[in-house]
Every structure is written in C-alpha cells, then in structure tokens.
Amino acid sequence: MDPIHQFTVEPFVPVHLFGLDVSFTNASLFMILVVALVSIVMLIGTSQRSIVPGRLQSAAEMSYEFVASTVRMTAGNEGMKFFPLIFTIFMFVLACNLLGLLPFSFSITSQIVITFALAIGIILVVIAVGVSRHGLHFLKLFVPSGVTIWLLPFIVVIEVISFLIRPVTLSVRLFANMLAGHITLKVMAGFVAALLGAGAATWIVAPLPFLANVVLLGFELFVAVLQAYIFTILSCVYLNDAIHPGH
C-alpha cells in the first residue's frame, strides 16, 4: 500500500474557469462535511438549555468555554471581539484533524495549501486589525522597548523576518504533524497486512504491529487535538500583537 496515495486530491466534478482549475474535489467534499458536522453539533447542542446537559450540549459548552478562556488568557478581554473567528478556526481545524483519522476519509489538514490558506488569512487579519486600530503605530510591533540603540537595527530586522515567516511556520507545523502521523499509521497497517499475507509462519507476530498501530492511533488522537489547540493559541498570540503592538 502506498502511504502517500491517501493524500491525492481527486476531482469529483471537473470545472475549469478562465484557465483555472476550480474542480469539486474530495478535499472540497470533506471540508463541506466538516462544516456541516460542526454546524449540526453546535446548533443542536446550543438549542438545548437543560440544567443537566446532554452530550451535545456538554460538547458545545465545553468548546465555548475552552476557546473563550484561551482568547482571554492570550489576548485579554479585548480579544473577545475576535472570538467568533478564533472559535471557527479551532472547531474547523479540530474537526478536520479528527475526521481525517476515520478509515477511508480524507485528511484535509495534511494538505499544505489548506493550512497555508488558513495561516495567511490569520496574518492578513492581524495586519488589518493592527493598521486599522493603530495606524503607523502598528510598526512598534517591530521595535521592542528597552533595546539599546546600537542593537536596535538588528532586532528590527529579526522582528520583521519573524513576522514574515509566521504564515509558513503556522501552516507547516500543522501540515507536517498530520502528514507524518497518517503516513506512520498507513505504514504500520501495511506491515500488518504484509505479515498476514506472508503465510501462517508470520501470523504469530502480526498482532505486534497491529497493537503498535492501536497505540499510534491513540497518540494521533492526542496530536489532532493538540495541533488544533496550538494553531488556535498562536492565532490568539498574533492577534494580541495587533491589539497591543508595543512590547
């Protein structure tokens, strides 16, 4: 089994407009499924206002409180103005990560173009918020206070480079973790199939890679949640820079 084949983007409905390929693909389908799944959970969960919450209500309330506390912790109460954006990002990335672990599904966040689009969107929002709130004072973000004058040019260059590579680091971190995890799971599953197909002599050792795959799957569940959290909290940190550009 080719462990890379699972990441192939396949067009379901080929569409070409003005020389651009805008086909409806398996990635498009699973993004729609993720949006529909999250919407259903949140709509049903928030429609029930029981004193003793059910599973969906608990999931909706816990998600809200978790993201709200993350925003307040990193960007303060002013950051709550951007709560809808941060909450949407967290739920979308989390659902993409978890849905991608199901058999025969498609891992959306294993596509660098998807994670980079999310990351560059966040950085553009940060720039727009920073410039609209502070004007040219937003550039104070690149001028840390308390730095001696002879060190300042070097620090400013480092701060500018650090800001420019944020979309790359933010997107590659999520993409690489999900890609590596899915490849590892596929390789281990292929190892189990190869041992079972090699004959009765290897059947006795076949459960070992199977058990390893079960452990890896549990670890990937943890990584899926952790990476969604890291993506979210870094987005909050970057937004905090736009709200409070001074160091």
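Analyst: The chain in this predicted model has 8 helices and 4 strands. Read from the N terminus, the order of elements is β-β-β-β-α-α-α-α-α-α-α-α. The C-alpha trace spans about 75 × 55 × 45 Å along its principal axes. Of the 247 residues in the chain, 37% are buried. Among contacts with a separation of 6 or more, 70% are between residues 24 or more positions apart.

The helix in question is α3, which gives the most to the lining of the second largest pocket, with 5 residues. Helix α3 covers residues 83-99, which is 17 residues. From its first C-alpha to its last α3 reaches 24 Å, close to the 24 Å expected at 1.5 Å a residue. Of the 17 residues of α3, 13 are buried, so the helix is largely enclosed by the rest of the structure. Buried here means under 20% relative accessible area.

UniProt, in an unreviewed entry, places the feature "transmembrane region" at several spans, including residues 82-102 and 108-129. Over residues 82-102 the chain is 81% helix and 0% strand, and the end C-alpha atoms of that span are 31 Å apart. For residues 108-129 the figures are 82% helix and 0% strand, with the end C-alpha atoms 28 Å apart.

Now the pocket. The second largest pocket has a volume of about 290 Å³ and is lined by 14 residues. The residues of this lining that lie nearest the pocket centre are V41, M91, L94, A95 and L98. The elements that give two or more residues to the lining are α1, α2 (residues 55-75) and α3. By class, the lining has 13 nonpolar residues, 1 polar residue and no charged residues.

Helix α1 is the next element to consider. It has 22 residues and reaches 31 Å from its first C-alpha to its last, close to the 32 Å expected at 1.5 Å a residue. The buried residues in α1 are N26, A27, S28, F30, V34, V38, M42 and G45. What covers these buried residues of α1 includes β1 (residues 11-13), β4, α2 and α3.

S28 is found in helix α1 and counts as buried, at 18% relative accessibility. S28 and F12 are 16 residues apart in sequence, and their C-alpha atoms are 9.3 Å apart in space. T25 is found in strand β4, residues 24-25. T25 is buried too, with a relative accessible area of 12%. Leaving out residues up to four places away in sequence, T25 touches V9, E10, P11 and F12.

Phi of F104 is near 65°, a positive value in a residue other than glycine. Most residues other than glycine have a negative phi. F104 counts as exposed, at 87% relative accessibility. F18 also has a positive phi, near 55°. F18 has its place in the loop between β2 (residues 16-17) and β3 (residues 20-21), and at 84% relative accessibility F18 counts as exposed.

The largest pocket has a volume of about 640 Å³ and is lined by 24 residues, of which Q6, L102, P103, F104 and K186 lie nearest its centre. The elements that give two or more residues to this lining are α1, α6 (residues 166-197) and α8 (residues 207-243). Helix α6 gives the most, with 5 residues. The residues of the lining divide into 14 nonpolar, 8 polar and 2 charged.

To put the part back together: α3 is largely enclosed by the rest of the structure, because 13 of its 17 residues are buried.

How values were computed: Residues are numbered from 1 along each chain as its sequence is written. This is a predicted model: local features need pLDDT of at least 70, side-chain atom pairs count only at pLDDT 80 or more; totals for chains, interfaces and linings use all residues. Side-chain values use heavy atoms; hydrogens and water are left out. The expected span of a helix is 1.5 Å times one less than its number of residues. Buried means under 20% relative accessible area, exposed over 50%, partly exposed in between (1.4 Å probe, protein chains only). On a 1 Å grid over the protein atoms alone, a cavity is a set of points where a 1.4 Å probe fits but cannot get out, and a pocket is an open set with protein on both sides within 12 Å along at least five of seven lines; lining residues have an atom within 4 Å of a point. Grid points are joined across faces, edges and corners, and a volume is the space filled by probe spheres set on the points. Ala, Val, Leu, Ile, Met, Phe, Trp, Tyr, Cys and Pro count as nonpolar, Asp, Glu, Lys and Arg as charged, and the others, Gly among them, as polar. Contact means heavy atoms within 4.5 Å. UniProt positions are given in the numbering used here, feature names are shortened, and annotations may be inferred rather than shown by experiment.
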